[in-house]
Amino acid sequence: MLTLNTVGILGHPKRPSTEHVGNRIEQTLQQHGIETWHYEVWIPDDVRQDISQSDMVIAIGGDGAMLRAARLCAEFEVPVLGINMGRLGFLTEVADPDDWEACLGRLLSDNYWIESHMMITAIVERDNIRIHQEDALNDVVISGLSAGSMVQMDLYIDQHWATTYNSDSLIVSTPTGSTAYALAAGGPILPPDLKNLLIVPTAAHLSMDRPIVLSEGSQVAVRLSTENRNDTIITVDGTQLAQMVDDDILYIQASEHVSRFIRMRERNYFYRSLLDRLEPRVNRSLPTIKTLKSLRKSDE
């Protein structure tokens, strides 16, 4: 369990209400003798030193805030607790800022667990020289520079050619990212404790159009086909990494870093949390299998 000597708080600059929540969280932490630091507007270089000396970071906002914080904290093996003030908040743990005091009580009594999420590394090589490298928690996407432009790209799995895609984009996703863009593009849902790569093309035309789940430890390489005629970009968790040119090779593989999230729900929370969002009108009052068996036994 964590020793909470120093806790950082990262707010959301585009959500003014997070400043009040952040101040309240900071005050309660200090009342318990915990040192704090607090940023509302921040860039990675501003907070690296503080994160490296922290035991935990609290990210206030939605899934975007969690992605941004978790990617940076993974470098220092610092876990993140998410407080939702966004629209979806699938990665966050505390659904309502008003629950913070109860959450703090559980933290201080070690009533929580830490969930590890695989990350992936995107490496761009040009003329055998590494020119870009970045980690992703959700996905790496290769797509046309302009919307709707088709890209022709060759896919290699473990250094062997697998197929050539003609598609609007190609998503290479982690299990965490399988519930994000990859899901919207028709990909399968992978639980976050897996360590597999997921490949999902979007709007594939006369080429492979089915998602592929790769074995743990696999490496993917992508290069532009000689038939490609459109400008192509690489994005990492929604942020542009590079523009890809002929003969560039993009390698994607498991990162040496993992993201760590503080959880207070049951360890099987994932499926219920996901389905609550995908099926908002479904009855939530159905009992567990264990309860059903107990009811059946009492009726006999």
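Ala 59 touches Leu 10, Ala 65, Met 66, Ala 69, Val 80, Leu 81, Gly 82 and Ile 83, leaving out residues up to four places away in sequence. Contact here means heavy atoms within 4.5 Å. The model is predicted: local features need pLDDT of at least 70, side-chain atom pairs count only at pLDDT 80 or more, and totals for chains, interfaces and linings use all residues. Residues are numbered from 1 along each chain as its sequence is written, and side-chain values use heavy atoms, with hydrogens and water left out.

Ala 59 sits in strand E3, residues 56-61. Helices (H or I, at least four residues) and strands (E, at least two) are DSSP runs, numbered from the N terminus. With a relative accessibility of 2%, Ala 59 counts as buried. Buried means under 20% relative accessible area, exposed means over 50%, and partly exposed lies in between (1.4 Å probe, protein chains only). One of the contacts of Ala 59 is Val 80. These two residues are 21 residues apart along the chain, yet their C-alpha atoms are separated by 6.8 Å.

The rest of E3 is also buried. Six of its six residues are buried, so E3 is largely enclosed by the rest of the structure. In a regular strand the side chains alternate between the two faces of the sheet. Met 56, Ile 58 and Ile 60 point one way from E3. Val 57, Ala 59 and Gly 61 point the other way.

E3 has pairing partners in strands E1 and E4. Two strands pair if DSSP finds at least two bridges between them. Strands of a sheet pair through backbone hydrogen bonds, either parallel or antiparallel. Strand E1 (residues 6-10) runs parallel to E3, and four bridges join them. Val 7 has Met 56 of E3 as its bridge partner. Strand E4 (residues 80-84) also runs parallel to E3, joined by five bridges. Here Ile 60 is bridged to Ile 83 of E4.

A further group of strands forms an open sheet. Its six strands stand in the order E12-E11-E10-E7-E14-E15, with antiparallel pairing. E12 and strand E15 (239-244) are at the edges, each with a single partner strand, so one side of each is left without a neighbour in the sheet. Within this sheet, strand E7 (residues 139-144) and strand E14 (residues 232-236) pair in the antiparallel sense over five bridges. Val 141 has Thr 235 of E14 as its bridge partner.

Strands E8 and E9 form a hairpin, with two residues between them. E8 covers residues 151-157 and E9 covers residues 160-167. The two run antiparallel, and seven bridges join them. Asp 154 is bridged to Thr 164 of E9. In the turn, Asp 158 has a positive phi of about 50 degrees.

Asn 166 is found in E9. At 19% relative accessibility, Asn 166 counts as buried. Its contacts, leaving aside neighbours within four places in sequence, include Met 150, Val 151 and Gln 152. Asn 166 also touches Ala 203, Ala 204, His 205, Leu 206 and Ser 207.

Leu 206 lies in the loop between strand E11 (198-202) and strand E12 (212-213). Leu 206 is exposed, with a relative accessible area of 78%. Its phi is near 50 degrees, a positive value in a residue other than glycine. Asn 128 has a positive phi too, of about 65 degrees, although it is not a glycine. Asn 128 lies in the loop between strand E5 (113-126) and strand E6 (129-136). With a relative accessible area of 73%, Asn 128 is exposed.

The protein chain as a whole has seven helices and 16 strands. Its radius of gyration is 21 Å, close to the 19 Å that the globule rule gives for 300 residues, so the chain is as compact as a globular protein of that length. The radius is taken over C-alpha atoms, and the rule is 2.2 Å times the number of residues to the power 0.38. The C-alpha atoms fill a box of roughly 60 × 60 × 30 Å, taken along the principal axes. Of the 300 residues, 48% count as buried. Among contacts between residues at least 6 apart in sequence, 67% join residues at least 24 apart.
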